[in-house]
Amino acid sequence: MTGLLAAAFEAPYLDYAALAPEMVLTGVLLAVLVVDLFVDEGRKAVVAQLAGVGLLASLLPIVFLAVDGNDRSMFSGAYVVDDFALVLKALFLVSGYVVLLMSADHIEEGDYWKGEYTFLLLSSLLGMVVMCSSRDLLTIFVALELLSIPAYMLAGWRKRDLRSNEAALKYYLLGVLSSAVMLYGMSLVFGATGTTVLEDIARELGDNTSEPLVKLGIFFIVVGFAFKVSAVPFHFWAPDTYEGAPTPVTAFLSVASKAAGFVALLQLVFVGFFGQDNVWQPLFWVLAALTMTVGNLVALRQTNVVRLLAYSSVAQAGYMLVPFAVGGSGDAAARTAQTAAIVYLLIYAAMNLGAFAVVIAVARKTRSGEVSSYGGLFTYAPGLTVLMTVFLFSLAGIPPFGGWFAKLYIFKSAVDAGTGWSVALAVITGVNSVIALFYYASVAREMWMRPVPDEDVTPVRVPPALGAALAITALAVVAIGIYPQAFARLGDLAELAVR
Amino acid sequence: MLENAWVIPALPVLSFVLILFFGKRLPKHGHEIGVAAVALAFVLACVCAVQWVQRPANLEVKPGSEEHAAAPGSPAQANAVAALEEKAPPGSEGGHEGEGKGEKEGEAGEHEAEPIRKPVVKEVTWFDNGQTRVKAGTHVDGLAVTMMFVVTLISLLVHVFSTSYMHGDRRYTHYFAALSLFTAGMLVMVTANNTLQLLVGWELMGLCSFMLIGHWWEERNNSNAALKAFFTTRTGDVGLLIGIAILFFAAGQTFDIADINAAALGGEVSHGLVLAGAAALLCGVIGKSAQFPLHTWLPDAMAGPTPVSALIHAATMVVAGVYLVARLYGVFWSGFDIGGGGINPVALVGGITVLIAAALAFVQTDIKKVLAYSTVSQLGYMVMALGVGAWTAGVFHLVTHAFFKGLLFLGAGSVSHAVHSFDMKKDMGGLREHMPITFKTFVIGSLALAGVPPLAGFWSKDEILLGASSNGYPVFLVIGLLGAALTAAYMTRCVYLTFFGEYRGHGQPHESPPAITVPLVVLAALSVVAGFVNVPGGEWFAKWTENETVLSAGVAHHSFSPFVALFGSALGLLGIAAGYAYYWRNLGPHRLTQRSGAAGTGYRILENKYGLDRLYTDWVVGGIKGPIARGAYWFNQRVIDGVVNGVGIIARGLARFVYDTVDQKVVDGVVNGAGIGAEDGGRVLRLMQTGRVQQYALFLFGAVVVLGGTLVLFTTG
Amino acid sequence: MYLNQFLLLAAFLFCVGVYGVLARKNAVLVLMSIELILNAVNINLVAFGLFRESVAGQVFALFVIAVAAAEVGVGLAVVILIYRNRHSIDLTEVDMMKG
Amino acid sequence: MFDSWALTLVVFLPAVGAALLVAVPRRAENLMKLVALATTLATAAVGVAILARFDYGATDTLQFEVDRPWIDVINSRYHMGVDGISLPLLALSVLITVLCVVYSWDHFPEPHNPKAFLALMLVLETGMNGTFVGQDLILFFVFFELVLLPMYFMIGVWGGPNRQYAAIKFFLFTLFGSALMILAFLALYFKGGNTFDIPLLVERGGTIARDAQILIFGGLFMGFAIKVPMFPFHTWLPDAHTEAPTVGSVILAAVLLKLGTYGFIRIALPILPDAAQAWAPWIGGLAVVGIIYGALGCLAQKDLKRLIAFSSVAHMGFVMLGIATLTDYGINAAVFGMVAHGLITGMLFFIAGSIQERYGTREMSRLGGLLLQAPRLAWLLGFCAMASLGLPGLAGFWGEFPAILSAYQPAPGLSEALFRVYMVVAAVGTVFAAGYLLWMYQRTAFGTAKKEFAEAHVHDVHLPEWLAWAPLLLLILILGIFPSLIFRVTDGAVQSMTSALQAIGG
């Protein structure tokens with residue numbers, strides 16, 4: 001103790017340039033909090049606009065850092081700003097921006113607390129941005145809580161709606177439980193290695209440990225994030241929460257929050273536990289197969305669009321888990337797997353956000369989330385119908401919409417690994433994508449081929465912000481589908497350095 | 001003209017197109033085009049015939065000396081379009097002393113020195129496929145010239161006849177268009193230098209036959225007859241297709257008929273292959289030429305207009321099968337070893353057909369059906385002739401038969417034109433006074449058919465019998481003689497019922513107009529004189545038509561045998577006499593069918609046409625269309641579509657959700673059936689989603705325990 | 001003292017917490033059970049920190065305590081929300097959405 | 001300049017047209033039709049220019065080649081080109097689309113909406129043309145899948161009473177096949193040295209181990225065989241055809257089915273010669289089963305359109321038999337058969353559509369006497385029926401007979417006895433074809449009209465119909481008489497392919 005006191009305090013190296021995005025974002029969210037206090041109830045839109053500008057502003061340093069191209073590492077490797085981090089930070093910020101656009105009118109018209117809503121959204125985003133750079137168990141934990149706790153509150157944002165309450169409760173309880181399990185795992189891993197920095201953990205663990213305690217630790221950690229990405233059997237919260245939460249929040253949870261889980265998994269698996277593929281590969285194999293199959297099967301029976309999309313996003317998580325299940329056989333496989341997962345994340349974000357944006361737009365008229373309320377949408381809202389069709393079939397993986405490329409990458413990673421198990425998983429994925437088509441197409445069928453249920457064919461008014469969200473996502477989906485190279489480049493860039 | 005023989009089929013094609021598009025607007029509704037085109041074609045065919053006869057005979061062929069030095073038609077040497085080369089016929093070098101082919105060589109020797117005319121071949125490249133260049137073109141030799149002459153002549157007469165007979169028909173124009181197209185098809189076939197082109201003509205005729213049999217398609221019976229004709233011949237065509245395929249490869253990837261014949265006779269190709277090819281082709285012959293057991297369509301085909309029956313179903317199309325055998329004689333010769341003298345399928349089929357069809361002709365009351373069965377029987381003669389090695393006789397009979405059978409059909413047409421019926425027993429009788437020209441010509445035709453000397457039928461039939469007797473086929477000699485007697489008898493019956501006795505019909509029958517009678521007279525004249533073209537001693541027909549294939553195969557030639565001639569004509573006269581006795585003098589066992597059980601049974605068998613129609617229509621066609629097709633479709637809908645449906649059902653049973661899901665008739669396919677299973681899976685899984693948060697937590701921890709436990713246990717061990 | 005004893009204590013606490021979460025109907029009791037689990041983690045972390053002679057364990061534990069406080073704050077807010085709307089904090093009654 | 005842009009134009013002009021259509025205001029229906037017609041005509045003009053500038057002396061080389069980077073990260077390139085095998089199919093595709101637009105002129109099926117209908121048709125054309133010229137597996141895959149969506153909507157929105165079921169069935173079946181197909185593509189990518197380039201893979205494919213080839217071929221087989229469709233994967237076809245609007249059926253029959261067979265010829269056979277050897281007997285077997293089975297299916301039908309649909313199963317059986325022989329005759333016949341089937345069956349569907357439009361039914365038992373009421377239409381039906389049953393002198397024959405012929409002597413290494421049995425069965429199939437087609441003709445055209453339609457005034461063929469049909473009818477006739485128009489285009493390409501195949505078998 002005395003030694004510690006006596007030693008001169010050496011401030012850790014802080015690279016402010018590297019932290020610029022986080023700092024800008026923090027500044028913006030504080031500004032939002034303050035401005036909200038002084039703005040009249042009628043002019044709360046300013047707050048959202050400020051937040052939007054702030055999000056775009058925090059993208060700027062990311063661009064500069066990307067151009068600069070150097071990896072920056074701080075706190076003895078606990079916080080790293082590399083291409084992986086930058087690409088995914090950009091993803092979170094853009095998704096956050098789109099969610100903000102989607103929320104603008106939804107929250108305003110629903111008589112909610114707009115300023116606080118924006119603040120919480122930004123906080124959660126900050127957690128995600130931090131997550132991208134976290135290469136340390138403790139940092140990951142903090143980032144996870146930072147992104148989760150505001151999300152719990154956002155899920156229950158419609159305070160007087162019992163469903164919203166219920167959504168928040170379920171999300172909160174299960175979230176906390178799974179993070180407790182994850183913490184328990186972290187404590188075990190820390191105990192086995194004596195360090196929390198992922199790189200050091202990897203070094204300490206060596207190749208393929210046989211220590212049951214370590215295996216359990218890794219397993220518990222993976223479980224914590226499996227919850228976050230709503231992998232079966234840790235997905236139970238997802239459909240209920242998605243259905244009950246305000247739709248923009250659902251979009252946010254199903255895209256950003258899920259992506260954060262995958263980001264954490266990528267870092268943990270490919271940096272911290274890369275040598276331990278005997279533990280995580282079979283685990284992810286089971287999770288992936290279960291997740292996509294269960295998600296798709298249950299989705300078949302859904303009659304509510306949001307719930308259907310919830311199960312769809314469970315199934316999509318299953319596809320995204322495939323690279324994890326096949327990425328352990330070597331450096332090359334790991335690289336392909338990471339690229340596949342990241343590319344899938346990018347494309348998934350665009351198409352899923354788009355689908356939710358349409359749901360929000362349609363619900364403005366129909367006030368319903370039932371699939372049957374989409375009947376004959378084509379006759380009175382052809383534009384929305386076409387967009388929804390694009391997003392749905394993109395999710396189903398039909399060219400020329402972005403989803404096909406994402407799925408191709410998943411298949412590629414599986415075939416590249418070349419083991420019997422990986423090919424089997426690829427076939428399971430293939431069969432699943434056929435099952436999935438059935439429910440995506442059932443929504444399309446409702447829109448195109450069924451009559452309007454209540455004969456009400458007044459056109460749907462799409463507010464400009466929502467329109468912008470639709471335009472961004474649709475453009476992204478189609479552009480990726482036709483010229484995937486640009487996005488695939490990002491995926492390649494974002495590979496984590498694997499040892 | 002011989003080089004440009006393609007013009008002859010082209011004329012009716014042109015006529016077809018013109019009639020089809022402009023016929024209705026023309027003053028005569030199109031028949032002027034048809035008649036003119038066919039007349040021109042006939043003139044050109046005559047020119048061909050004259051040129052052929054005048055063509056120097058400078059090709060020497062020795063029996064069994066088939067040697068192929070040059071492989072003609074190899075793609076390398078042929079250049080692009082319109083290679084107007086006159087192909088040197090294979091074996092033209094001559095002089096190679098090949099091995100004797102059979103024991104008949106001595107007899108054949110008498111022709112050895114006599115050279116034949118070189119066929120005129122003109123080819124253009126049709127298409128290249130794989131390593132083969134297929135050339136379309138005309139191959140004009142004596143056989144082709146003869147056929148062109150016969151076809152254009154009969155066609156012309158039938159066209160003329162039809163202008164009156166079909167007058168006022170609601171589809172008059174279409175009728176002439178179809179006739180033109182038919183003539184074109186037949187001419188394409190007879191001039192074809194390759195099997196593919198032959199097939200084109202062959203099927204084109206089938207199509208026209210279909211169209212013309214079904215000309216009055218408002219009646220269900222007529223369209224049924226048309227369909228039956230097409231199906232039956234098409235069934236035979238399976239053999240033709242396969243045969244062409246086999247011969248294509250057997251002859252070294254060529255469709256060229258001369259090459260195929262040469263290869264078949266050359267001995268390099270394995271006998272089995274040639275046998276297979278010949279057997280397959282024979283199926284085609286059986287279908288097209290209405291041989292037993294596929295002869296049943298021809299009597300039904302009488303549903304078409306009578307001139308059509310005369311042209312297509314007596315004189316020309318039905319002899320296409322005979323022509324095929326004659327044309328590809330090398331294949332049949334060596335495949336069935338016709339020179340060998342054993343019983344071979346060709347002769348057998350022909351022989352059976354001769355007898356069974358002749359017997360059937362006795363029980364018909366419809367004049368056209370009598371003639372139809374007679375045609376079947378006579379076709380049997382031709383096939384039998386070819387089968388016993390009497391090539392020239394077969395071809396010659398083809399020609400003479402075309403004349404007198406065409407005559408008979410047109411005569412029947414003339415009669416029906418007058419009495420508006422074909423039923424001899426109900427609506428005819430005693431017409432001899434009302435229709436003198438028709439009567440006289442019909443009798444001439446009947447006598448020719450019966451083989452009464454010196455009419456055409458006598459000469460050709462005599463040659464067949466001669467061939468059968470001298471080539472070592474005594475069985476077929478007997479059949480032929482028996483057939484001759486039967487033929488004479490049923491024709492006598494036919495003539496009696498039609499022209500003698502009391503008129504039994506309605507109204508007052510009149511002799512037909514000149515457009516009808518002139519063709520009758522022309523044909524009658526030909527029926528009288530045509531036989532002299534090949535009288536013993538002259539045998540010009542043989543010299544003109546016999547080609548290299550026939551000679552190199554070693555087909556035997558026999559000198560006239562008075563014994564056979566005498567016997568044959570005697571039997572014919574006997575038949576006539578019997579008929580005369582039975583009908584005119586009312587002698588013989590009348591009402592036998594009522595009195596004798598055996599005779600009655602025989603009659604019924606004949607009436608039922610040996611039950612073949614029932615077999616085909618009810619069992620084969622009905623079976624395929626009915627139970628088999630329905631079964632296959634049932635299989636399709638229930639089994640294939642239901643495979644995974646079934647899986648889904650079992651799955652549901654296990655999950656105790658059978659009842660809920662029955663209404664969910666989502667899908668019936670493999671994928672969709674899986675869908676049902678999937679939906680049920682979804683249903684079960686949904687049950688876990690209870691909505692209770694603590695239950696979720698339980699599942700969470702449960703999964704942790706199960707997965708974690710499994711992981712640690714199984715990866716540690 | 002052996003490390004094992006701390007670990008066993010932690011594991012025991014963890015199990016008690018889990019039992020509480022699963023078995024109690026009262027939302028507040030469930031929240032407290034979660035605290036138990038988190039404290040099990042803390043014991044682990046501190047014990048391992050000592051064992052590994054690394055201060056990181058204790059720091060981690062401090063973070064967990066702080067975050068847990070925040071979490072429980074949000075949790076109580078949610079429970080209050082539910083109580084306001086339903087006048088009950090029985091978790092088994094909260095099952096509007098399922099399937 | 002033109003040569004390097006030609007294929008891009010022919011593929012993407014329709015897509016541009018579709019985009020333009022979307023911009024046309026809702027009310028301006030004539031403008032929509034004009035835009036669609038102009039687009040398809042322009043595309044067809046590019047097609048004609050390609051036909052004109054194609055070097056027929058070098059049909060085995062890729063012409064009008066474009067090879068640019070597309071998705072570098074997976075080494076997938078924007079590589080397009082036509083050779084003798086793809087040229088006829090490309091021409092068929094651009095022709096059929098024009099005719100479909102013409103036919104639709106005032107025939108838009110319910111619920112009308114010409115804008116969406118025409119736009120989907122144009123997108124469909126992009127997909128079809130792209131599939132035929134794509135020389136990169138991923139490019140091929142994208143175009144191959146691109147046709148699914150428009151067709152799904154075409155059937156599902158504009159189709160018959162049971163349209164939704166038929167549409168989803170079509171979609172699910174095809175997607176199932178393509179899921180396995182894309183796995184096979186990826187396997188080829190890794191086994192063939194990290195490339196999706198088809199010509200490159202053709203060079204390298206032979207070096208893949210035989211067992212791996214057989215497995216990969218299995219994936220390709222599922223993808224293509226479902227699309228063809230081969231027995232027993234055909235059950236989507238009758239439903240899709242029966243329910244689809246006329247134009248949809250035409251495109252489906254004329255072009256979409258060809259994508260599968262084309263896939264076999266372009267990808268499966270040349271890249272995986274060993275596997276092709278191993279699979280060929282099975283493919284041939286399924287093909288002849290399909291021939292007989294399809295024919296039996298036809299005989300059991302009461303619905304005219306469904307009958308024609310089942311006849312496609314039988315006809316594609318001939319095509320697949322030709323392919324299974326792995327000989328140049330067989331594959332030439334297959335390509336010819338694809339074109340001929342496209343023309344003939346397309347025409348038959350047009351006529352069936354017109355009959356339905358006039359009588360409001362396709363039940364053959366309710367029809368009859370068409371020759372009396374609409375003689376021209378009935379004549380055309382008869383003409384097409386004859387062409388369809390393989391009458392020599394019409395196009396159908398050249399797909400059918402050479403396929404039978406080639407089965408007599410399959411490629412070295414395949415069992416001759418087995419294929420000869422196939423030959424006989426296939427030849428018997430021609431009788432069945434005559435059976436169901438003539439029987440259909442008898443029931444619809446012959447006889448007199450049934451009571452319910454006895455007084456009906458039935459229009460004979462109208463002008464848009466003549467315009468749309470005349471080219472098809474002429475082509476059926478011309479190709480029947482001059483088969484070299486196709487054979488000389490395909491022959492070189494096919495020979496260079498089969499010589500490689502036979503090197504393996506021999």
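## Chain A: burial and overall form

Of the 499 residues in chain A, 70% are buried in this predicted model. Contacts tell of links across the sequence: among those in chain A with a separation of 6 or more, 81% are between residues 24 or more positions apart.

The secondary structure of chain A consists of 20 helices and two strands. Its C-alpha trace spans about 80 × 60 × 40 Å along the principal axes.

## Chain C: an all-helix pattern

Chain C has three helices and zero strands, and its pattern along the sequence reads α-α-α. Buried residues account for 38% of its 99 residues. Of the contacts in chain C between residues at least 6 apart in sequence, 45% join residues at least 24 apart.

The radius of gyration of chain C is 17 Å, whereas a compact globule of 99 residues would have one near 13 Å. Taken along the principal axes, the box filled by the C-alpha atoms of chain C is roughly 50 × 25 × 25 Å.

## The nonpolar core

The largest nonpolar core contains 733 residues. Within this core, the residues with the most contacts are Tyr344(A) and Ala426(D). Helix H14 of chain A, residues 331-366, gives the most to the core, namely 24 residues. In soluble globular proteins, nonpolar side chains tend to be buried together.

Which residues does Tyr344(A) touch, leaving aside those up to four places away in sequence? They are Tyr319(A), Met320(A), Ala406(A), Tyr409(A) and Ile410(A).

## The strand pair of chain B

Strand S4 of chain B covers residues 132-140, and eight of its nine residues are buried, so the strand is largely enclosed by the rest of the structure. S4(B) pairs with strand S3 (residues 120-129) of chain B. The pairing is antiparallel and runs over nine bridges.

One position in this pairing is Val121(B), which stands opposite His139(B) in S4(B). S3(B) and S4(B) form a hairpin with two residues between the strands. In that hairpin, Gly130(B) takes a positive phi near 60 degrees.

## Where chain B touches chain A

How many residues does each chain bring to the contact between chain B and chain A? Chain B supplies 24 residues and chain A supplies 30 residues. On the side of chain B that touches chain A, helix H31 (670-688) and helix H32 (693-716) of chain B each provide at least two residues. The largest share of that side comes from H32(B), with 13 residues.

Sorted by class, the side of chain B that touches chain A has 13 nonpolar residues, eight polar residues and three charged residues.

## Confidence of the prediction

For the complex, the predictor gives an ipTM of 0.84 and a pTM of 0.88. Chain D has an average pLDDT of 89, and 99% of its residues score at least 70. Where pLDDT is low, the predicted coordinates should not be read in detail.

Conventions: Residues are numbered from 1 along each chain as its sequence is written. Chains are lettered from A and ligands numbered from 1 in the order in which they are written. Helices (H or I, at least four residues) and strands (E, at least two) are DSSP runs, numbered from the N terminus. The radius of gyration is taken over C-alpha atoms; the globule rule is 2.2 Å times the number of residues to the power 0.38. A residue is buried if 20 or more other C-beta atoms lie within 10 Å of its own, exposed if 12 or fewer, and partly exposed in between; C-beta atoms are placed from the backbone. Two residues are in contact if their C-beta atoms, placed from the backbone, lie within 7 Å. Ala, Val, Leu, Ile, Met, Phe, Trp, Tyr, Cys and Pro count as nonpolar, Asp, Glu, Lys and Arg as charged, and the others, Gly among them, as polar. pLDDT is the predictor's confidence in each residue, from 0 to 100. A nonpolar core is a set of buried Ala, Val, Leu, Ile, Met, Phe, Trp, Tyr and Cys residues joined through C-beta atoms within 7 Å. Two strands pair if DSSP finds at least two bridges between them.
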